[in-house]
Amino acid sequence: MINKPQPGEYAPYAAGYIAKVPNGPVMEILEYLKQSTYNFFSRITTEQADYAYADGKWTLKQVLGHMIDTERVFSFRVLCFSRGDKNPLPGFDQEEYVAAATFDARTIQDLANEFKALREANIYLYSSLTDEQSLMMGIASNHPVSVRALVYMTAGHELYHLELIRELYIK
């Protein structure tokens with residue numbers, strides 16, 4: 001079982017993500033979100049998917065692509081740190097990642113399918129972690145972070161963006 005991380009297991013910026021995760025088993029939350037987020041994006045129209053709420057802001061396809069990229073980064077960190085890798089891992093510039101990606105050339109359904117497949121793979125990885133592995137620490141983005149914090153950050157980051165989407169894109 002992956003328990004909620006404690007302060008000191010993550011960078012200050014991650015506290016907001018972790019706070020968004022409701023009480024309960026995080027693996028059940030990730031499983032639920034896999035399907036509910038997939039269903040949400042699968043119902044988005046092409047017009048909605050290409051919408052950005054202001055100049056210079058991401059389209060909904062870019063937001064979903066960013067969510068996918070971030071989950072990949074977090075899961076890579078989980079893999080490394082749970083295997084005892086002590087090498088510090090770099091941060092990533094989300095703006096540069098989105099600018100270099102081709103999210104807007106893809107359909108929202110294709111991105112939703114990728115999200116669901118990635119989450120399914122990560123659920124296998126996260127479910128395989130022992131209690132000891134979940135407590136392992138590493139350095140990412142110049143901050144110490146535990147494996148379990150990264151799992152919670154995966155869910156919290158998703159919840160953060162879903163909240164923004166409902167506030168700014170689809171009211």
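Here is a short walk through a pair of helices and a loop in this predicted model.

Let us begin with the helices. Two packed helices are described by the angle between their axes and the distance between the axes. Our pair is helix α6, which covers residues 108–127, and helix α8, which covers residues 147–168. Their axes come within 12 Å and cross at roughly 155°. Angles over 145 degrees count as roughly antiparallel, so α6 is roughly antiparallel to α8. As for handedness, α6 passes α8 in a left-handed crossing.

Which residues of α6 and α8 make the contact? On the α6 side, look for Phe-115, Arg-119 and Tyr-126. On the α8 side, the partners are Val-151, Thr-154 and Glu-158. Taken together, the residues of this contact divide into three nonpolar, one polar and two charged.

Now let us turn to the loop between β1, residues 137–140, and β2, residues 143–146. Asn-142 is not a glycine either, yet Asn-142 has a positive phi of about 65°.

Asn-142 has a relative accessible area of 74%; exposed means over 50%, so Asn-142 is exposed.

Conventions. Residues are numbered from 1 along each chain as its sequence is written. This is a predicted model: local features need pLDDT of at least 70, side-chain atom pairs count only at pLDDT 80 or more; totals for chains, interfaces and linings use all residues. Side-chain values use heavy atoms; hydrogens and water are left out. Axes are lines fitted to C-alpha atoms, for helices over the stretch in contact, and angles run from 0 to 180 degrees between N-to-C directions. Helices (H or I, at least four residues) and strands (E, at least two) are DSSP runs, numbered from the N terminus. Angles under 35 degrees count as roughly parallel, over 145 as roughly antiparallel, 65 to 115 as roughly perpendicular and the rest as oblique. A crossing is left-handed if the near helix is turned anticlockwise from the far one by less than a right angle, and right-handed if clockwise. Contact means heavy atoms within 4.5 Å. Ala, Val, Leu, Ile, Met, Phe, Trp, Tyr, Cys and Pro count as nonpolar, Asp, Glu, Lys and Arg as charged, and the others, Gly among them, as polar. Buried means under 20% relative accessible area, exposed over 50%, partly exposed in between (1.4 Å probe, protein chains only).
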